[in-house]
Amino acid sequence: MKSAFEANLDYLKKTLDHLPDIIFKKMHVGQPGIQIAMVYLSGIADADMLNEHIVKPLILTGIRERHSQFNPEKLKEELIQQTAFTINTKEAADIEACVIEVLSGNTCLLIEGNEEFFVVSTGKFPLRSVEEPNTETLVRGPREGFIEDLESNLAMIRRHIKDLSFKIDKIRIGRRSSRKLAVLYISDIANPKLVQEVKRRVETIDVDDASDTGIIEQWIEESSWSPFPQIQASERSDKAITALMSGRVVILLDGTPFALIAPMTFWMLAQSPEDYYERFPLGTFFRLLRLTALFIATFLPSLYVALISFHPGLIPPELVISIISSREGIPFPVFVEALIMEVSLEILREASLRLPKGIGQVIGIVGGLVIGQAAVEAAVVSSFLIIIVGLTAIASFASPQYSGSIGIRLLRFPIMIIAAIYGLYGVILAFIFLGAHMVQIKSFGVPYMSPLAPIRLRDQQDTLVRVPFKYQKKRPIMLKTQDETSANRKRR
């Protein structure tokens, strides 16, 4: 009858032997000759670490104990003592967990006469250095952004949150990839129901592989058909830390630099970490400026189509004359003219993103100038529309959150169609329906338009305006946090 050691080793060979880079190594340790089996992948396991921190300590242990009674239990204790200070060693729950660890780049150790499985962290992967995020640049503030390694990202946050209540719950998702996912929260601040709901939704994810948090976001959001993001994505570690301090939950996924922050409100589309690093008049001004830019990016082309097509009387006469003269000889209606330019702009923007970085910037600038000038000279579009489309494009980039600006860009087209059919009344109706939609959607139970709908006066201190920090002593009511006071907290 096979021993547990041989049975487990046979199972690992049967399961992993077909992999071309799998390595099975055996060695004898001590006077009785206790067998040790090491299983790892040669491509991603660090051989130097394996030899220096596992093989060498085992050999030295065997030499040191060669004249004494040496048993598997003692070898287990020696192994843990030898490796505990230099490398992470832990026991695997079962043989299946051991297989997952091997595929993750770690080394599985089997000791003859011992039924436990030991996992040693020997994975070595090429990592990108920590640098400033490209999608969320700041003039003033930290330059530290997340990278694609989960442990490094957790270390960034742990470095700044020295609190015993800071919790990290790790889950594996993806049937075939088995990626590590971490749910972060501060246990005595965050609402326990919020934390439980986030974990529940994450655990329902059933995919072969989740290569980015964008897939996680689509699985756990409440209104999948809405163009507005209900979970904030960010590469900035300082934004994640601020969210945790306010009582929100942060989700990190191995293999992507984007963290998810939940719950989210509409006003977070116009909020930037720089609002808090500058004095409150500047932070308030830039926040209002971004909200204005969001409105311009959404409704300006539609207002142009509606006013020129149906309500020219609402425009000053001098401006009407200028617009009419610029449209002289153009064969298309105003809506078709605007649609041509908007679609051309989106194609040009998408092309510039997909090209190499240096070429993409040149194509975006030169292409916009050349196409715009040629279109005006060929009497395809008016010069005034070029101004409208250019201002709309600039305003769409004012949102600190890229995924939010994508939703705004998408909304422009249906609102333009409504404006071309019903005029200014259609734009007003679109605004009303859009507002009704945003009022009814929620992010993990928090109303999307909160704290304006429903109105919570205390939370207004950090919505449209940002009051000075010395007056912000309470966390948002809408998050239903356990610890409502954000300042002068009693030390434990």
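The following legends describe close-up views of a predicted model.

**View 1. A nonpolar patch on the surface, formed by six named residues including Phe 295 and Ile 428.**
Together with Leu 429, Phe 431, Ile 432 and Phe 433, the residues Phe 295 and Ile 428 make up this patch, and their accessible area together is about 630 Å². Helix α16, which spans residues 424-440, supplies the largest share of the patch, namely five residues.

**View 2. Leu 429 in helix α16.**
Leu 429, which is one of the residues of the nonpolar patch, has a relative accessibility of 43% and therefore counts as partly exposed.

**View 3. The pairing of strands β2 and β4.**
Strand β2, which covers residues 34-41, runs antiparallel to β4 and is joined to β4 by four bridges. Within this pairing, Met 38 has Leu 109 of β4 as its bridge partner.

**View 4. The hairpin of strands β4 and β5.**
Strand β5, made of residues 117-120, pairs with β4 in the antiparallel sense over four bridges, and Phe 117 in β5 stands opposite Leu 110. Five residues lie between the two strands of this hairpin, in which Gly 113 takes a positive phi near 85 degrees.

Notes
Residues numbered from 1 in each chain as written. Predicted model: local features only at pLDDT ≥ 70, side-chain atom pairs only at ≥ 80, totals over all residues. Heavy atoms only, no water. Patch = residues over 30% accessible without salt bridge, like charges linked within 9 Å, V, L, I, M, F, W, Y side chains within 5 Å. Areas by Shrake-Rupley, 256 points an atom, 1.4 Å probe, with all protein chains shown as cover. Salt bridge = Lys/Arg side-chain N within 4 Å of Asp/Glu carboxyl O. Buried < 20%, exposed > 50% of the residue type's maximum accessible area, 1.4 Å probe, protein only. Pairing = 2+ DSSP bridges.
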